[in-house]
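Welcome, and please take a look at the model below.

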Amino acid sequence: MTATIHTGLTKAERGDVAEELTKVLADSFAVYLKTHGYHWNVRGPEFFSFHNLLEQQYTDMWNALDDIAERIRALGVLAPQSYPAFGNLTSIKDGDPEKEATAMLKELMQDHETLIATARKALDVASDAGDEASADLMTQRLAAHEKFAWMLRSTLGGR
Ligand SMILES: [Fe+2]
């Protein structure tokens, strides 16, 4: 017997929200991976502060990946789980370990802005569907990524 889902959301609503959450998951995975790589490969006189800033950010994103994927599962949809699947779902480009430190931070700041746009779209779709739990998760992710973008921007001397 197949257990059916009765959560007050239609199958179509669950599918629409899960599709947007899957894009957020893929973007988050890509930014996580790049942030962790730059944590390893960043070089220069600011090494320790950049290395530690990036560790804070990738740790948050690593934990968020599980929350986002499990929300997709709670909606009755399978989560992607391979590098090719994630690669096909995200517009975030791979990082380059040869980059100079401030170029790494600038790239990550822009990636957070891309991710913020993806999460904002998911928030809208979740709100329209009346899916408060997904909307709440996206609100939390927006706050986190806006904070990370601000920290990177300020580290680079911007407001
Ligand atoms: Fe480390």
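## The aromatic cluster

Phe 29, Tyr 32, Tyr 58, Trp 62, Tyr 83 and Phe 86 are joined into a cluster by ring pairs. Here rings of Phe, Tyr and Trp (its six-membered ring) pair if their centres lie within 6.5 Å, and planes under 30 degrees apart count as stacked, over 60 as edge-to-face and the rest as tilted. Before going further, please note that this is a predicted model, in which local features need pLDDT of at least 70, side-chain atom pairs count only at pLDDT 80 or more, and totals for chains, interfaces and linings use all residues. Residues are numbered from 1 along each chain as its sequence is written, and side-chain values use heavy atoms, with hydrogens and water left out.

The structure holds six aromatic pairs. One of them joins Phe 29 and Tyr 83 edge-to-face, at 6.0 Å centre to centre and with 65 degrees between the planes. Phe 29 belongs to helix α1 (residues 11-41) and Tyr 83 to helix α3 (residues 83-89), so this pair ties together parts that are 54 residues apart in sequence. Helices (H or I, at least four residues) are DSSP runs, numbered from the N terminus. Phe 29 counts as buried because its relative accessibility is 16%, while Tyr 83, at 58%, counts as exposed. For these words, buried means under 20% relative accessible area, exposed over 50%, and partly exposed in between (1.4 Å probe, protein chains only).

Tyr 32 and Tyr 58 make another edge-to-face pair, with 6.2 Å centre to centre and 80 degrees between the planes. This pair links distant parts of the chain, with Tyr 32 in helix α1 and Tyr 58 in helix α2 (residues 47-74), 26 residues apart. Tyr 32 and Tyr 58 are both buried.

Now to the charged side chains. Side chains of opposite charge can pair when their charged atoms come close. The structure holds eight salt bridges, each one a side-chain nitrogen of Lys or Arg within 4 Å of a carboxyl oxygen of Asp or Glu. Glu 107 and Lys 34 form one of these, their closest N and O atoms being 2.5 Å apart. Glu 107 and Lys 34 are both buried.

Lys 34 also forms a salt bridge with Asp 111, where the closest N and O atoms are 2.6 Å apart. With Lys 34 in helix α1 and Asp 111 in helix α4, the pair ties together parts that are 77 residues apart in sequence. The relative accessibility is 5% for Lys 34 and 9% for Asp 111, which therefore counts as buried. Lys 34, Lys 99, Glu 107 and Asp 111 are linked in a network of salt bridges.

## A bridge between α4 and α5

Arg 120 and Glu 146 meet through their side chains in a salt bridge of 2.8 Å, N to O. Arg 120 is in helix α4 and Glu 146 in helix α5, 26 residues apart. Arg 120 is partly exposed, with a relative accessible area of 40%, and Glu 146 is partly exposed as well, at 36%.

## A buried serine

Ser 134 is found in helix α5 (residues 132-155). Ser 134 counts as buried because its relative accessibility is 0%. Leaving aside neighbours within four places in sequence, Ser 134 is in contact (heavy atoms within 4.5 Å) with Val 17, Leu 21, Arg 71, Leu 75 and Ala 126.

Note on methods
Helices (H or I, at least four residues) and strands (E, at least two) are DSSP runs, numbered from the N terminus.
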